[in-house]
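Here is a short briefing on one protein model. Keep the sequence and the 3D view open while you read.

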Amino acid sequence: MKSTTLRRSLLAGAATTLVLSLAACGGGTDTAGGSANAATTKYKLVQDGVITAGTQAEQPPFAVTDAAGDPSGFAVDLMNGAAKRLGVKVQYKTTNLQGILAGLSAGQYDIGVAGVGATPERAEQVAFTTPYYWGFTAVLTRESGRQNSPADFDGKRVGVVSGAVQEAFLTKRMPDAKPVKFKDQTALISQLLSGGVEAIVVGGADADEYVKKQPVRIAVEQDSLQGSAFPLRKNGDPELLKDIDAQIDAMIDDGTYIKLYRKYFQDPVAADLIKERPRLAEQVEGTDLAPV
């Protein structure tokens, strides 16, 4: 998605565990298409019959955990829908981005449910589904800020989540800024609002959510180099990855994906995403979601 077509538009990561019946929050312990016992025999999981998923407390609009400990967001809704169709349950454990990736490598989780950039470097450690979203990278500053280019932040403290794909953006596109790393986006946005940093670098969809709720503005936006995907254990069950991808495609075919997309995003679907998931082409053709 070219940046010229894009609209310019918090809970600490305490260990929170819950078990959701993936009737997409519809209640009940069994899901459509099967049961936990069926999952036990079909997939090799950390816990028999349950997909153990690491998620984030503060990564709008992909994953946010509320005061009751319940996760929600685009990635969560998409995962819930896929798992319901597969007839399996998901146990969500709240952590941060580094915790998701490390937990997958350590065999603590089966999958990460958040907006995780599918970079070649990460693909050496985890297995990725086909991207389910493609957006842009944004530099956020306070509303009073007047910066409008990467160079405007030369010599300024600019925050980024440690290990996030935005670190590479900061290094390559803002080489003269002073990077400040944080463990998660809760700390990141807090430091921006308090003046601890002059700006922060986040995903474009995350930036849009902050602009709606906080006195901040998008100073810079540029194309992302990779899409967001679900990471799974490298030595996990390849059938699980294949089936999740298949169910996302099924949600594209029946319109469920587009309904969820419209719930969380207003920008057109990226052309790069349509290349990865060509079934989307028919769904967005002739609509306001078609790439410009």
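Which residue in E12 is the bridge partner of Val 158? The partner is Pro 179. This is a predicted model.

**Strand E11 and its partners**

- Strand E11 spans residues 157-161, and four of its five residues are buried.
- Strand E12 covers residues 178-182 and pairs with E11 in the parallel sense. Five bridges connect E11 and E12.
- Gly 159 has Ile 200 of E13 opposite it.

- The whole structure holds 13 salt bridges. Side chains of opposite charge can pair when their charged atoms come close.
- One of the 13 salt bridges joins Lys 42 to Asp 243, with the closest N and O atoms 3.4 Å apart. Lys 42 sits in helix H1 (residues 36-42), and Asp 243 sits in helix H8 (residues 238-253). The two residues are 201 residues apart, so this pair links distant parts of the chain. Asp 243 has a relative accessible area of 12%, so Asp 243 counts as buried.
- Lys 263 forms a salt bridge with Asp 77, and their closest N and O atoms are 3.1 Å apart.
- Lys 263 counts as exposed because its relative accessibility is 55%, over the 50% cut-off. Asp 77 counts as buried because its relative accessibility is 19%, under the 20% cut-off.

- Lys 213 and Glu 209 meet through their side chains in a salt bridge, at 4.0 Å from N to O.
- Both residues belong to helix H7, residues 204-213. Lys 213 and Glu 209 are four residues apart, about one turn of the helix.
- Is each end of this pair buried or exposed? Lys 213 is exposed, at 61% relative accessible area. Glu 209 is buried, at 11%.
- A network of salt bridges links Glu 209, Lys 212 and Lys 213.

Key. Residues are numbered from 1 along each chain as its sequence is written. This is a predicted model: local features need pLDDT of at least 70, side-chain atom pairs count only at pLDDT 80 or more; totals for chains, interfaces and linings use all residues. Side-chain values use heavy atoms; hydrogens and water are left out. Buried means under 20% relative accessible area, exposed over 50%, partly exposed in between (1.4 Å probe, protein chains only). Two strands pair if DSSP finds at least two bridges between them.
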